[in-house]
Amino acid sequence: MAGSGSERVAVDLCKGINGLDKVVLRGPRGSSAEVYLYGGHVTSWRNDHGEELLFVSSKAIFKPPKAIRGGIPICFPQFGSHGSLEQHGFARNKFWSIDIDPPPFPTNSKSFIDLILKPSEEDMQKWPHSYEFRLRIALGPGGDLMLTSRVRNTNADGKPFTFAFAYHTYFSVSDISEVRVEGLETLDYFDNLQNKERFTEQGDALTFESEVDKIYLSTPTKIAILDHEKKRTFVLRKEGIPDAVVWNPWDKKAKTMTDFGDDEYMHMLCVEAAAVEKPITLKPGEEWKGRLELSAVPSSYCSGQLDPQKVLQSS
């Protein structure tokens with residue numbers, strides 16, 4: 001299942017809200033992460049100082065079949081309403097299992113958990129494909145959070161299948177009006193607020209003053225989210241996942257969401273590694289892999305000490 005640190009338990013299985021099973025990962029210097037088996041859903045990521053880095057709504061409903069509002073929902077095999085399934089597919093609404101015999105997987109972390117999702121008979125009626133979805137969630141020695149998804153086509157009938165995917169990450173920010181996103185300038189995007197019409201982003205960093213719901217295409221492997229007030233920069237690194245979704249519901253939409261506080265839009269931003277524009281097709285026996293690594297670094301951007309381009313270029 002996972003390794004154990006000598007000084008503290010690196011991986012702990014316990015009960016969460018409403019008695020749902022969750023796994024707590026602990027890093028050697030105080031960082032932590034929490035993962036609910038319901039949805040294979042990361043609901044907490046804290047740095048070495050115990051500061052929460054992900055946003056989870058105070059009104060989140062930890063009760064199946066409702067998806068948990070916040071953290072890192074897994075969108076599979078559909079993104080949004082782009083298909084016949086429920087919003088964002090069914091992976092975030094299913095109980096995942098701990099994978100007790102995962103395939104070999106190199107890691108430098110002692111704090112990780114391997115989860116697996118396979119289709120139920122009910123799932124097969126809605127989406128008639130056999131698959132294995134393996135998800136490793138690891139907390140690096142420096143407190144970085146790493147998620148690796150591997151989807152394998154196990155259809156016995158020889159048929160390929162096609163799916164979309166996203167790590168729907170909700171970042172915690174101090175004030176959305178003081179946040180900027182670097183790395184998406186000059187890229188094409190679909191604007192979901194304008195009938196999915198295609199536009200090209202301007203040359204400036206993204207800032208926020210109203211509702212946003214955009215799918216950026218062919219994005220770089222690194223994206224930076226600068227929180228001026230907290231003097232913190234999130235660096236998102238991704239592999240095998242070409243698109244990036246940026247979403248904030250703003251005030252009007254927030255008021256229509258029963259599991260989201262009216263003013264909570266001010267303290268969150270979703271920047272999601274996604275494969276939406278060109279869904280992934282797997283033949284039987286083929287496997288797709290998509291990796292996300294999140295880190296949070298202190299920054300003094302207001303005083304000009306952090307050059308975002310250097311953040312993006314650093315390894």
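Start by selecting Phe133: beyond its neighbours within four places in sequence, Phe133 is in contact (heavy atoms within 4.5 Å) with Ile74, Phe76, Trp96, Leu115, Ile116, Leu117, Ser149, Arg150, Val151 and Phe165. A word on what you are viewing: this is a predicted model, where local features need pLDDT of at least 70, side-chain atom pairs count only at pLDDT 80 or more, and totals for chains, interfaces and linings use all residues. Residues are numbered from 1 along each chain as its sequence is written, and side-chain values use heavy atoms, with hydrogens and water left out.

Next, bring up Phe76, Phe133, Ile137, Leu145, Phe163, Tyr167 and Phe208, which touch the most other members of the 72-residue largest nonpolar core. Such a core is a set of buried Ala, Val, Leu, Ile, Met, Phe, Trp, Tyr and Cys residues joined through side-chain atoms within 4.5 Å; buried means under 20% relative accessible area (1.4 Å probe, protein chains only).

Now move to His168 and Glu272, where an unreviewed UniProt entry places the feature "active site"; such annotations may be inferred rather than shown by experiment. They span 105 residues in sequence, yet no two of their C-alpha atoms are more than 4.8 Å apart, so they gather at one spot.

Click on His168 in the loop between β10 (161-167) and β11 (170-172). His168 is buried at 6% relative accessibility. Then pick Glu272 in strand β19, buried with a relative accessible area of 1%.

Finally, colour by pLDDT, the predictor's confidence in each residue, from 0 to 100. The chain mean is 92, but pLDDT stays under 50 over residues 1-7 and over residues 301-308.

Note on methods: Buried < 20%, exposed > 50% of the residue type's maximum accessible area, 1.4 Å probe, protein only. Helix = DSSP H or I, 4+ residues; strand = E, 2+ residues; numbered from the N terminus.
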